[in-house]
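Thanks for coming, everyone. I'll take a few single residues, then the chains, then the place where they meet. Let me put the structure up.

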Amino acid sequence: MAYQETAEGHHEHHHVNYWLIFIALCICTAISVVFDVVQLDRRLIAVLVLAVAVAKAQFVMRYFMHLKFEGAWKYVLLLPTAILACGLPLALAPDIGLHYYRTDVPQYRTAMREGIIPNEGGAPLEPEAGHADDHNHAGGDEGSHQE
Amino acid sequence: MGLPIPNSKLGMWLFLGTEIMFFTAFIGTYIVLYFGSPGWPTDTHVTHISIIAGGVNTFVLIFSSYMVVVAHEAMALRNFDKAYKALLVTFACAFVFLGIKSYEYYGKFSHNILPGQIAENDEQAIDKVVQESEAASDEWLNDLVPGDGSPERIHIKQLAARNVAGAESELTQVTQQLKDMDGASSERQAELQQREAMWQAIVDNKAQIENWVALDAAVTKLRDDVSANRLTMEQTDERLTTLQADERFASHMAAVHHPHPILYGNLFASMYFLMTGFHAVHVVVGMILFAIVLSKGARLSEEWTDWVENSGLYWHFVDLVWIFLFPLIYIIPGFDRGTPGH
């Protein structure tokens, strides 16, 4: 049973089988690990695993945290927080995750050199070309193996 | 007027609201960086991510969350003995969680998967081998010869150790110079005493110093060959393997890591430690909250019901964060494990 105490001191009783919720959470965790083993499309698995995580979060929030039995105040308090929480990722996404252009950083040159991403612009990728920058990035002693 | 919940509970929910924004900033940033960094490390053999450890920790946290609701329910039913036992199990689960997390962190530390410590391409990996070899050599010399480990002092020690054949003669000269000063106190005398101690140590540890000289020559040659771009990463790795197999200085070179470049490894390590580290801090705070209740022992009473409920809300939030960290850090990147390269 979930006991909700009101400001007036009244107890409201709600019947919840917490053991079943725990079992459901364990099954969800097992499903997540199984997704790690099976060979499916990478994006599909990412969606499935995150869907399982959302389902687990629902179980915890609705039953363990008793949000299912709370009044409308939960929306007033949690919705603005949830919306504001998206601010930083949304602000970063255009420049870091979604841009059409290619940033000129040592990691990109290495990725292009190793064929992880195509070198569409034909940028110079020889080790010597990126060497000094690589040193700068690592904070190493520039020129320690350039002679 | 007011919300139909106790003030303490409202306070906890407001706090959890800020916590949601706090962790969403980390998790959201991680997702954006993951998609914005082609070649992000995903091979669990490279990142030393243990899915089993993460899975067990998920189970431990879920079970602890279940025990918290059991404790809260028992408190409401005034079964304080049952509540105490359930809180004790929760506390133990938190310990287990941190133990497993420590084991995972140990794996990261031992493989030097730390922010700012990871080579991201072959050139950086080669440089890192040279730098770590030189550091290992310097550390050994510093152990053999007294005096501070400043770069200037290390340089003096290196020059002296390379002249190990003439050490006894140098020692005699310095000792004589000290005698000739008639014991007058001066900076010069302090300097001579330092030199005397240095030469004395070189004479006393002659066999060890000769081994160090051999290592110094090998490391110098390694540095010179790397500087002249004569070595590939594989050749550098072979050179390091040879040095680590030489029984004269194997134990001192054991700490040098073999070259394993990890593209975006530093960003990955930063995000990993940021997210899991702050989560672990929250686990510790939760343990403190539970420890305060547990310290009441048999005196646990109804007046602690709100405390247990609010601590429980906090603990469920800690569980909630891990529910998202587990797939994002452990499962989704792990799909690419076993792929060649990085």
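Leu325(B) is buried, because 22 other C-beta atoms lie within 10 Å, and the cut-off for buried is 20 or more. Keep in mind that this is a predicted model. Leu325(B) lies in helix α13 of chain B. What does Leu325(B) touch, not counting residues up to four places away in sequence? Met275(B), Thr276(B) and His279(B). Now look at Ala161(B). It sits 164 residues from Leu325(B) along the chain, and their C-alpha atoms are separated by 52 Å.

Next, Met233(B). This one is found in helix α10 of chain B, residues 233-245. Met233(B) has 19 other C-beta atoms within 10 Å, so it counts as partly exposed. Buried would take 20 or more. Its contacts, leaving aside neighbours within four places in sequence, are Asp122(B), Ala125(B), Ile126(B) and Pro259(B). Take Ile126(B) from that list. Met233(B) and Ile126(B) are 107 residues apart in sequence, yet 5.8 Å apart in space, C-alpha to C-alpha.

Now two residues with backbone angles to note. Most residues other than glycine have a negative phi. His66(A) is not a glycine, and its phi is positive, about 65 degrees. Where is His66(A)? In the loop between α2 and α3 of chain A, with α3 covering 73-85. His66(A) is buried, because 23 other C-beta atoms lie within 10 Å.

The other is Arg78(B). Its phi is near 60 degrees, again a positive value in a residue other than glycine. Arg78(B) also lies in a loop, between α3 and α4 of chain B, where α4 is 80-110. Is Arg78(B) buried or exposed? Exposed, because it has 11 C-beta neighbours inside 10 Å, and 12 or fewer is the cut-off.

On to the chains. Chain B has 13 helices and zero strands. So read from the N terminus, its elements are α from start to end. How is chain B divided into domains? The domain assignment gives domain 1, made of 7-117 plus 263-336, and domain 2, which is 122-253. Note that domain 1 comes in two segments. The centres of domain 1 and domain 2 of chain B are 47 Å apart, taken over C-alpha atoms.

What about overall dimensions? The C-alpha atoms of chain B fill a box of roughly 90 × 55 × 35 Å along the principal axes. Its radius of gyration is 29 Å. A compact globule of 342 residues would be near 20 Å. Buried residues make up 40% of chain B. Among contacts in chain B with a separation of 6 or more, 80% involve residues 24 or more positions apart.

Chain A next. It has six helices and two strands. Of the 147 residues in chain A, 21% are buried. For contacts between residues at least 6 apart in sequence, 37% join residues at least 24 apart.

Now, where the chains meet. How many residues of chain B are in contact with chain A? The count is 59 residues of chain B, against 55 residues of chain A. The elements of chain B that give two or more residues to this side are α1 (7-35), α3 (51-76), α5 (122-144), α9 (206-227) and α13 (305-331). The largest share, 13 residues, comes from α1(B). By class, this side of chain B has 36 nonpolar, 18 polar and five charged residues.

Helix α2 of chain A, residues 42-64, packs against α13(B). The angle is about 175 degrees, and the axes are 10 Å apart. That makes the two helices, α2(A) and α13(B), roughly antiparallel, because the angle is over 145.

Which residues meet there? From α2(A), they include Val49(A), Leu50(A), Ala53(A) and Phe64(A). From α13(B), they include His316(B), Leu320(B), Ile323(B), Phe324(B) and Ile331(B). By class, the α2(A) contact with α13(B) has twelve nonpolar, one polar and two charged residues. Lys56(A) and Asp319(B) are both part of this contact.

Over to you for questions.

Terms used:
Residues numbered from 1 in each chain as written. Chains lettered and ligands numbered in written order. Predicted model: local features only at pLDDT ≥ 70, side-chain atom pairs only at ≥ 80, totals over all residues. Domains from an automatic or database assignment. Contact = placed C-beta atoms within 7 Å. Helix = DSSP H or I, 4+ residues; strand = E, 2+ residues; numbered from the N terminus. Nonpolar A, V, L, I, M, F, W, Y, C, P; charged D, E, K, R; others polar. Rg over C-alpha atoms; globule rule 2.2 N^0.38 Å. Axes fitted to C-alpha atoms, helices over the stretch in contact; angles between N-to-C directions. Parallel < 35°, antiparallel > 145°, perpendicular 65-115°, else oblique.
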